Amino acid sequence: MADSTHNQPLAQGARHDVAIVGGGLAGGLIALALHRHAPDCRFVVVEAGRSLGGHHRWSWFETDIRPNARALMSGFALNGWDEGYDITFPRLGRTLPTSYRSLASAEFHRALTAELPPERVMLDTKAASLDAGGVTLVDGTRLAAKRVIDCRPFKPSKALNGGWQVFLGQQFRCETPHGLTRPVIMDASVDQIAPYGNGAAYRFVYVLPLSPTDVFIEDTYYADQPKMDAEVLKGRVAEYAHRNGWKGEVVDQEAGILPVISGGDFNAALAEVAIPGVALAGARGGFSHPLTSYTLPFAVDNALAIAHLIAKRPDLSGAELAAFCQRRSKRHWRATAYYRMLSRMLFEAAEPDKRVVVFEHFYALRGALVERFYAGRSTWPDRLRILTGKPPVAIPRAIRALFSSGKPLDVKPLDTKPSNMETPA
């Protein structure tokens, strides 16, 4: 719920140093980093929803965030597991040792509104337009700002190629302890059925033991279409809980459809959302893992980079900040080319019902390689190792996918039964 104290700007007519539009993960962390590392910066966060962070659960491996950046997350009450995590496939089961973390958006909102000054956060406030000089709200109010950062959600583009990650998760409160001690990051022993009830897609179930009696179960798919039948997915989650003997009630739910980028014209996609003199951050600016859709490690890095730059250069102009963020986004696009190639292998070289074999092959590799992969820091030996050995797909199809630009993202509206069309910010 929104806090009524977080709904007023610094002062009517005052000029802000930074206006952050979008209080999701990226916008919220930028605000936090500015508050901690650039205390003289007068910023304001403009969020259309009633809470910061929307309705999400973000999860990551401890090694995804560089050690010198982890302090930014120190104020949040995280779910954490240091016993490693499990993966299960038709022919493979493993426990890997990496520590895992998870953050609920309700805790994100609570911690940020407790630490940030109330006048810095405007909830339930919609922006009508952004420009280099500030933000105009839908009610006509003008927020003048020296610098503007656009952290609104990802906008699908026909200039990009790839597929989709479709998911629905529910938090169960079990009548008796569920017995899990560590997360199950992928249980791909389930049927490989598409999220709209027919055909096939790479499907796995993701499980987090949040307390001795609370367990989060998410049904996830790598699918060709951004389509979901939420009632079908709820049924599959319930079936999984029943199979494990977990009886109880659903106390929370989230659902979403995220892009899995395999290629495209990144400059053209940026041009579709870029506003002259306005900085782009978050998934809208391209800061996500092309294959996993993870955003948190990149949001942490960006937040600290922006805050340190502003602290070092208080006279930094909005155009300079926009150019700084654009350089970072283009560098990120170049650095993640390998993962986009793997996305093409997944969506083009493997038949939908055989995509599970691609992931099974990957998870048979060394744990340290898997850590670096999720963090987006795979070494060249890692990259070669992933592609060597017995290929999990037909070689001719793999070669075609290797040199393909990818399938255009299907962004036309679909007849999707009730769900959230959400993207990480």
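V135 in strand β10 has L143 in β11 as its bridge partner, and L130 has V135 as its partner in β10. Please keep in mind that this is a predicted model, in which local features need pLDDT of at least 70 and side-chain atom pairs count only at pLDDT 80 or more, while totals for chains, interfaces and linings use all residues. Residues are numbered from 1 along each chain as its sequence is written, and side-chain values use heavy atoms, with hydrogens and water left out. Helices (H or I, at least four residues) and strands (E, at least two) are DSSP runs numbered from the N terminus.

**Two hairpins in a row**

- Strands β9 (residues 127-131) and β10 (residues 134-137) pair in the antiparallel sense over four bridges; two strands count as paired if DSSP finds at least two bridges between them.
- The hairpin from β9 to β10 passes through two residues.
- β10 and strand β11 (residues 142-150) run antiparallel and are joined by three bridges.
- Four residues separate β10 and β11 in their hairpin, and G140 in that turn has a positive phi of about 95°.

- Strands of a sheet pair through backbone hydrogen bonds, either parallel or antiparallel.
- Here, an open sheet has the strand order β3-β7-β4, with antiparallel pairing.
- β3 and β4 (79-81) are the edge strands, each with a single partner strand, so one side of each has no neighbour in the sheet.
- On average, neighbouring strands of this sheet are turned by 15° against each other, direction ignored.
- Five bridges link β3 with strand β7 (residues 100-104), and W60 has R101 as its bridge partner in β7.
- Helix α2 (residues 105-115) lies across β3 and β7, at about 70° to β7; axes are lines fitted to C-alpha atoms, for helices over the stretch in contact, and angles run from 0 to 180 degrees between N-to-C directions.

**A buried serine in a loop**

- S51 sits in the loop between β2 (43-46) and β3.
- S51 counts as buried because its relative accessibility is 18%, buried being under 20% relative accessible area, exposed over 50% and partly exposed in between (1.4 Å probe, protein chains only).
- Neighbours within four places in sequence aside, S51 is in contact with H109 and L123, where contact means heavy atoms within 4.5 Å.

**Two cavities**

- The structure holds two cavities of 30 Å³ or more. On a 1 Å grid over the protein atoms alone, a cavity is a set of points where a 1.4 Å probe fits but cannot get out, and lining residues have an atom within 4 Å of a point.
- The largest cavity has a volume of about 490 Å³; grid points are joined across faces, edges and corners, and a volume is the space filled by probe spheres set on the points.
- The largest cavity is lined by 25 residues, with R57, Q165, E218, T292 and Y294 nearest its centre.
- β15 supplies the largest share of that lining, four residues.
- The second largest cavity has a volume of about 320 Å³.
- Its lining has 26 residues, and F154, L160, I261, A283 and G286 are the closest to its centre.
- β16, α4 (266-273) and α6 (318-335) are the elements that give two or more residues to the lining of the second largest cavity, and α4 gives the most, with five residues.

Key: On a 1 Å grid over the protein atoms alone, a cavity is a set of points where a 1.4 Å probe fits but cannot get out, and a pocket is an open set with protein on both sides within 12 Å along at least five of seven lines; lining residues have an atom within 4 Å of a point.
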